[in-house]
Amino acid sequence: MSSKIKSLRVSTKLMLVNAVILIGILLLTSLLTIAGLYFSVYHQAEMDLQHSITEVRRSMERSEVMRDEELPEPLPPEAKEWALRQNPDWVPPPPFLRLLYREGVLTPGVVLRVVDADGRKIFDSAIHYPTVEEVSSHIIPDPPFWANEEMQVSRFDNFYMYYEPMTLNWRGKAYQLHFIRMITAERDFLRSLGHGLLLTNLLGVVLALCACYYVSRRALAPIRAITEAARAIEVSDLSRRVELPPAKDELSELVQTINHMLDRLESGFEQQRRFVSDASHELRTPVTVMLGYSDMLSRWGREDEETLDEGIAAIRTEAENMKALIERLLFLARADQKRQVLKKEPLDFQELLADVAKKADLVKGDHALVLEANEPGVIFADEVIMRQMLRIFIENAFKYTPAGGTITLSSRRAGNALRVEVRDNGVGIAPEHQAKVFDRFYRVDVSRTKSGDDVHAGGTGLGLSIARWIADTHDIGIHLESEPGKGTTICLTVPLAEAEPEGEKSV
């Protein structure tokens with residue numbers, strides 16, 4: 001059953017939930033209405049009966065202390081004669097009943113019957129009601145829960161009665177008083193009301209289902225439109241976007257989120273497509289060179305020793321370039337998948353920069369390398385990839401600086417950080433290219449790789465991307481300043497170390 005419910009459409013689930021809630025509210029309201037009316041009717045009958053009993057007692061107590069001359073006059077002779085003709089056993093009612101009759105203490109709807117000690121009925125306010133014996137024989141042991149538990153309830157075919165008997169003494173004589181309050185019209189009314197509510201509830205259920213179906217369809221119409229629009233978007237064409245609804249509601253936020261996700265997907269697919277294309281191009285070039293030299297060696301290398309040496313050297317150089325490219329690609333792949341392991345620990349940056357500068361000075365070629373300033377400072381970093389980042393910036397400076405140029409390194413404290421600069425006086429970078437030099441496989445043009453009469457390898461365009469990733473994982477800020485023909489300065493803001501535990505972390 002639960003699996004069938006889970007397989008239903010959202011619109012159907014929404015309709016069923018709303019319908020169940022509306023039907024539940026409707027039924028609960030009807031039940032509370034009926035129960036409230038029943039309680040009100042029985043409570044009113046109870047109050048009428050209690051009021052009549054209280055007033056009769058007061059009337060008897062008042063008549064008992066009154067003098068005879070203060071009591072109401074007996075019945076006129078003609079009324080007495082008429083009563084005897086109707087019932088030879090008729091006994092004139094006691095004075096307290098005449099007082100009760102004169103003052104009208106009985107609440108309308110309450111019947112009083114009085115029987116004397118000999119069992120003779122001496123007063124009956126409604127002779128057409130069932131007899132006391134009939135009322136007593138129809139008392140039910142389990143009255144409705146809304147009835148007063150202290151009162152007796154008699155049930156007949158078409159009505160209920162409240163029945164309360166009591167024995168009272170008046171001037172030394174015992175009288176049996178029987179109070180009856182009929183619930184007839186009220187019961188018929190309640191039965192008719194119940195039938196009406198049943199039909200109304202059935203109609204309400206039908207209307208609730210129809211209304212919930214209509215509302216759920218209308219409420220989910222924008223979502224269906226969004227679904228159709230999203231379904232029409234293909235991987236081959238991620239430029240399409242879902243139309244933004246005019247209302248600023250949750251659906252508008254959903255559409256904005258979907259469009260923002262599509263922007264990221266389009267950017268990611270475009271970057272991946274460009275990455276694959278550039279990587280294929282970069283790998284195709286050394287493979288082509290190696291195949292060319294291998295063909296040359298297969299033809300003339302066996303007889304010409306100079307050709308053999310040239311071919312072997314060229315193939316080795318291209319293989320090393322390919323190895324470096326593949327290593328950088330693997331590095332970026334691990335970084336993208338957050339599988340690159342970093343071992344961060346407190347590191348003396350002064351010592352690190354001095355060592356990197358010393359080793360770079362060994363391969364500087366026709367350039368001058370100057371360590372201008374190297375102030376002390378401890379950072380929290382992975383030593384291996386921090387060296388890699390600094391070497392990338394220094395190698396780029398060598399690559400794009402003509403022979404005889406100068407590369408200057410410096411590290412100075414600036415508050416809670418070190419300001420590290422790698423400055424050259426090379427060809428520089430045009431302003432329109434400065435924002436893109438850290439993109440993967442991005443290279444400005446081949447002319448930037450020329451320094452004097454030497455043509456250096458143009459590189460893979462991955463070094464600065466790797467350097468940017470290393471900087472980001474160490475919260476290092478990068479700022480580039482460059483002017484064509486005057487050189488380039490890479491400014492790094494390296495935060496100083498705080499008390500952090502050592503350990504390896506995948507990022």
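Biologist: Does serine 30 count as buried or exposed?

Modeller: With a relative accessibility of 9%, serine 30 counts as buried (buried means under 20% relative accessible area, exposed over 50%, partly exposed in between, with a 1.4 Å probe and protein chains only). Keep in mind that this is a predicted model, where local features need pLDDT of at least 70 and side-chain atom pairs count only at pLDDT 80 or more, while totals for chains, interfaces and linings use all residues. Residues are numbered from 1 along each chain as its sequence is written, and side-chain values use heavy atoms, leaving out hydrogens and water.

Biologist: Where does serine 30 lie, and what does it touch?

Modeller: Serine 30 lies in helix H2, residues 10–65 (helices, H or I with at least four residues, and strands, E with at least two, are DSSP runs numbered from the N terminus). Not counting residues up to four places away in sequence, serine 30 touches Leu197 and Asn201 (contact is heavy atoms within 4.5 Å).

Biologist: What about leucine 347 in strand S6?

Modeller: Leucine 347 is buried too, at 9% relative accessible area, and S6 covers residues 341–348. Its C-alpha atom is 5.2 Å from that of isoleucine 379, which sits 32 residues away along the chain. Neighbours within four places aside, the contacts of leucine 347 include Leu352, Val378 and Glu383.

Biologist: How do I read a pair of packed helices?

Modeller: Two packed helices are described by the angle and the distance between their axes. Take H10 (residues 383–399) and H12 (residues 463–473): their axes come within 9 Å and cross at roughly 140° (axes are lines fitted to C-alpha atoms, for helices over the stretch in contact, and angles run from 0 to 180 degrees between N-to-C directions). H10 and H12 are therefore oblique to each other (under 35 degrees is roughly parallel, over 145 roughly antiparallel, 65 to 115 roughly perpendicular, the rest oblique).

Biologist: Which residues make that contact?

Modeller: Among them are Ile385, Met389 and Phe393 of H10, and Leu464, Trp469 and Ile470 of H12.

Biologist: And how do I read a sheet?

Modeller: Start with which strands pair (DSSP finds at least two bridges between them). Here an open sheet of 5 strands has mixed pairing and the order S7-S9-S10-S14-S13. Strands S7 (368–374) and S13 (477–483) are at the edges with a single partner strand each, so one side of each has no neighbour in the sheet. Inside this order, S9 (residues 406–414) and S10 (residues 417–424) run antiparallel, joined by 8 bridges. Arginine 412, for instance, has arginine 419 in S10 as its bridge partner.
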